[in-house]
Amino acid sequence: MHKSSNKVQIIGNLIMATVTLVTVLPFILLFSASFTDSTEIALNGYSFLPKTLSLEAYEYIWNERSQIFRAYFITILVTTVGTTVSLMITMMYAYALSKNYFPGKKFFTLFLVFTMLFNGGLVPTYTMYTRYLHMKNTIFALLIPSLLMGAMNVILIRSYIQNNVPASLTEAAYIDGANEYKIFGTIIFPLSKPIVVTIGMFIGVAYWNDWTNGLYYVTNNKLYSIQQLLNNMLKNIEYLSSNTLASAASNGAVNVPKSTVRMAIAVVGILPILIIYPYVQKFFVKGIALGAVKG
């Protein structure tokens with residue numbers, strides 16, 4: 001029995017090591033390609049161990065550093081504020097739905113599920129945000145549309161609260177005279193840290209990677225997010241690379257390191273997430289396991 005258990009453990013470790021390797025290798029290739037000479041990529045393709053190292057891609061990005069630093073600031077601001085507000089709205093909605101005695105629970109549950117099945121469509125949404133709410137070219141255009149609260153996140157947190165926060169704690173708090181706000185702030189929120197971090201990671205990554213709201217609602221380059229700015233840089237590179245006659249007047253514009261800049265831009269975009277994730281990974285895994293919907 002002991003030997004059989006060891007074999008299962010070894011097989012499991014090998015499978016997980018293989019999955020980890022398959023997951024990590026693309027990132028290694030991405031970093032390697034971003035430091036590779038563009039001529040070598042054109043001749044020999046991508047390699048994990050480039051023969052010729054080059055910083056030309058990052059030099060190209062560094063020349064645009066003023067725009068990039070401003071875009072980073074906008075993205076960090078939007079991600080921080082949006083994630084905080086979204087978490088609070090989601091947590092309060094989920095807490096209310098977790099209570100059987102909540103008045104109108106069926107209606108608000110139906111309302112939540114309805115948003116998962118139907119939406120207003122792009123044209124009516126665009127018209128509402130630009131013509132009636134006047135959010136075009138404002139910071140709110142990056143915060144509010146489509147990202148403040150997700151129905152699935154509410155369901156995950158509601159399930160977590162129902163299955164992992166003992167009802168006896170809230171009942172004892174009621175007996176001691178605590179109201180709903182006190183219970184939410186001192187009991188529910190602290191005991192829900194794993195699922196809060198997990199959902200916060202989901203929301204934060206969504207805000208960080210979002211560029212469609214900027215595409216629809218922002219034309220002022222001072223309000224560009226990092227993803228929108230990098231996407232525009234990619235389009236500019238494509239233009240300079242494909243229109244040699246138009247770009248010949250620029251000094252060296254024709255020789256823009258097209259392939260390597262793409263990789264360097266991807267590195268710039270994902271680097272903050274890669275730095276933050278190891279610190280929240282233990283909560284992330286625990287939150288996924290405990291917050292899963294149980295039958």
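User: Which element gives the most to the lining of the second largest pocket?

Analyst: In this predicted model, α11 does, with seven residues. The elements that supply two or more lining residues there are α4 (65-97), α11 (193-209) and α15 (258-290).

User: What makes a residue part of that lining, and which residues lie nearest the centre of the second largest pocket?

Analyst: A lining residue has an atom within 4 Å of a pocket point. For the second largest pocket 16 residues line the space, and T79, T83, G200, G204 and I276 lie nearest its centre. The space amounts to about 370 Å³.

User: How do the residues of this lining divide by class?

Analyst: They divide into 11 nonpolar, five polar and no charged. Gly counts as polar under the classes used.

User: How much space lies in the largest pocket, and which residues are closest to its centre?

Analyst: The largest pocket holds about 760 Å³. Its lining has 26 residues, with N119, Y129, P145, S146 and M149 closest to the centre. By class, 17 are nonpolar, nine polar and none charged. α5 (105-117), α6 (122-132) and α12 (212-217) each supply at least two lining residues, and α5 gives the most, with five.

User: Why is L49 called exposed?

Analyst: The cut-off for exposed is over 50% relative accessible area. L49 has 74% relative accessibility, so L49 counts as exposed. L49 sits in the loop between α2 (38-44) and α3 (56-62).

User: Which residues make the nonpolar surface patch?

Analyst: L21, V24, L25, I28, F48 and L49 make the patch, which covers about 560 Å². Nonpolar side chains are joined into a patch within 5 Å.

How values were computed. Residues numbered from 1 in each chain as written. Predicted model: local features only at pLDDT ≥ 70, side-chain atom pairs only at ≥ 80, totals over all residues. Heavy atoms only, no water. Patch = residues over 30% accessible without salt bridge, like charges linked within 9 Å, V, L, I, M, F, W, Y side chains within 5 Å. Areas by Shrake-Rupley, 256 points an atom, 1.4 Å probe, with all protein chains shown as cover. Salt bridge = Lys/Arg side-chain N within 4 Å of Asp/Glu carboxyl O. Helix = DSSP H or I, 4+ residues; strand = E, 2+ residues; numbered from the N terminus. Buried < 20%, exposed > 50% of the residue type's maximum accessible area, 1.4 Å probe, protein only. 1 Å grid on protein atoms, 1.4 Å probe; cavity = no way out; pocket = protein on both sides within 12 Å on 5 of 7 lines; lining within 4 Å. Points joined across faces, edges and corners; volume = space filled by probe spheres on them.
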